[in-house]
Amino acid sequence: MLQKPRGTRDFLPKEMEQRRDIEMRLRKVSGKWGYREICTPTFENQELYTVRSGEGIIKEMYTFEDKGGRMLALRPEGTAAVLRMYVNEAKVLSKPVRWCYLSDCYRYERPQKGRYRQFWQFGAEQIGADTPEGEAEIILLAYEMLKATGVTFTLHIGHLAPMKHLLSDLPEDDKKAVMALLDKKNFEDLKIYLERLKKEELYDSLKSLIECETIDEALKICGDMPGRERMEDLIRILDSQDIEYRLNLGIVRGLDYYTGMVFEGFADNLGAENQIIGGGSYRLAHLFGGEDVASCGFGIGFDRIMVSLGDFTPKKAPCVAVVYTPETASYAFSAAKKFREGGITTELNILKKGIAAQMKHAAKTADYVAVIGQREAEAGTVTLKNMESGEQKEIKAEDAISEVR
Ligand code: HAM
């Protein structure tokens, strides 16, 4: 038996109904904030991802050469392609641009629960507003979207400025290595690394920075620093709004394009792969041939939201199964058409089964059965049975529509 590729999943109808239900909730919120949906290609020129992150990123991506010898990559995330698209379309766009997307992404990772090789991100990007108001909007939007899904989560909001300020004396390579260890929360190796650099005191400062609960506490550790006012303005706006979060100046983010504000959210009921959102402020447009424009955004890990929510039954329109005999087939097809025109999900027997077998199948799939025998066909009626209550009555097909709805 052929199997699906490692790290991918199939979704049965029930799961798709659950996913669509949550997607629609996310779309509804982003739409209300003026974020309009876009779509970019599933694959891009590999260069789009290596130009910022270097060739190292290739080992985490699905890359391939096409028949024309072009090096392509399946998108590992949404942001780079959105900014590429922005640069391509920029001339006609009035800023700020507010876009959102639901994209499948591909990463060559070791699969486990909540970590897949094909997964979906619901992202939002806001391009061209270099302000704390813009950053606050992105965070508040993310918060409202996560709330709308029903997950319980904790939002951590941070800023790279204090950490970068602490690390400002380190050579670029060491800075990157230290930040990578911090991102992985690998404090043991971080301590060893800093000891080797003879920077033991940095370890203590970094540990205290991570524990800071206010910007004032951070300033005591780092001293005054560039970006301080901006951080304070953002926190002031957030604190004036109805949002629960904790300040976390230890957030580093795995992707390396972030420039200032960063944030992450964690589902309260998930284990190892509990990060359900990541985002922040970044600059990418200039790397793709555009002007250097400030942007911010986030990606919600859609699949992890679904894992966190577990099983549930989304509200769905009732379904009618039309049960008929060979003699009443044409009347049954017409009645089914009428039901569908009335907005009702309708299925009918296509297996040439007898009435009893049709009823047995309908008991599993439908909320109502419309039985059409000879008498009903002649009278222009159906015998409508409510499969839950067992009640049944013979009525005109048109009346059955309002009865089911
Ligand atoms: P990211 O943190 O790499 O950020 O991914 C965003 C979210 O996608 C993660 O928080 C996680 O929930 C989910 N995710 C990542 N990898 C996997 C995986 N292998 N399986 C399942 N879910 C996964 C970004 O990608 C940025 N583009 C976010 C952003 C947008 N920043 C600014 N704008």
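Some ground rules come before the details. Numbering starts from 1 along each chain as its sequence is written, and because the model is predicted, local features need pLDDT of at least 70, side-chain atom pairs count only at pLDDT 80 or more, and totals for chains, interfaces and linings use all residues. Side-chain values rest on heavy atoms, with hydrogens and water left out.

**Domains**

The chain splits into domain 1 (13-160 + 255-309) and domain 2 (319-404), with bounds that come from an automatic or database domain assignment. Taken over C-alpha atoms, the centres of domain 1 and domain 2 are 46 Å apart.

Helix 6 covers residues 172-183, and at 1.5 Å a residue its twelve residues should span 16 Å, which agrees with the 16 Å between its end C-alpha atoms. The expected span is 1.5 Å times one less than the number of residues.

Which residues of helix 6 are buried? They are D174, K175, V178, M179, L181 and L182, where buried means under 20% relative accessible area, exposed over 50%, and partly exposed in between (1.4 Å probe, protein chains only). Down the axis of helix 6, its buried residues fall within an arc of 160 degrees, so they line one face of the helix; the arc is that of the directions from the helix axis to the C-beta atoms. E172, D173 and K176 sit exposed on the other side of helix 6.

| Covering element | Residues |
|---|---|
| helix 5 | residues 160-166 |
| helix 7 | residues 187-196 |
| helix 8 | residues 200-211 |

Helix 11 (residues 302-309) is mostly covered, with six of its eight residues buried: F302, D303, R304, I305, M306 and S308.

Three strands make an open sheet in the order 2-4-3, with antiparallel pairing. Strand 2 (43-45) and strand 3 (63-65) are the edge strands, each pairing on one side only. Two strands pair if DSSP finds at least two bridges between them. Strand 3 and strand 4 (residues 71-74) run antiparallel and are joined by three bridges, and E65 stands opposite M71 in strand 4.

How values were computed:
Helix = DSSP H or I, 4+ residues; strand = E, 2+ residues; numbered from the N terminus. Contact = heavy atoms within 4.5 Å.
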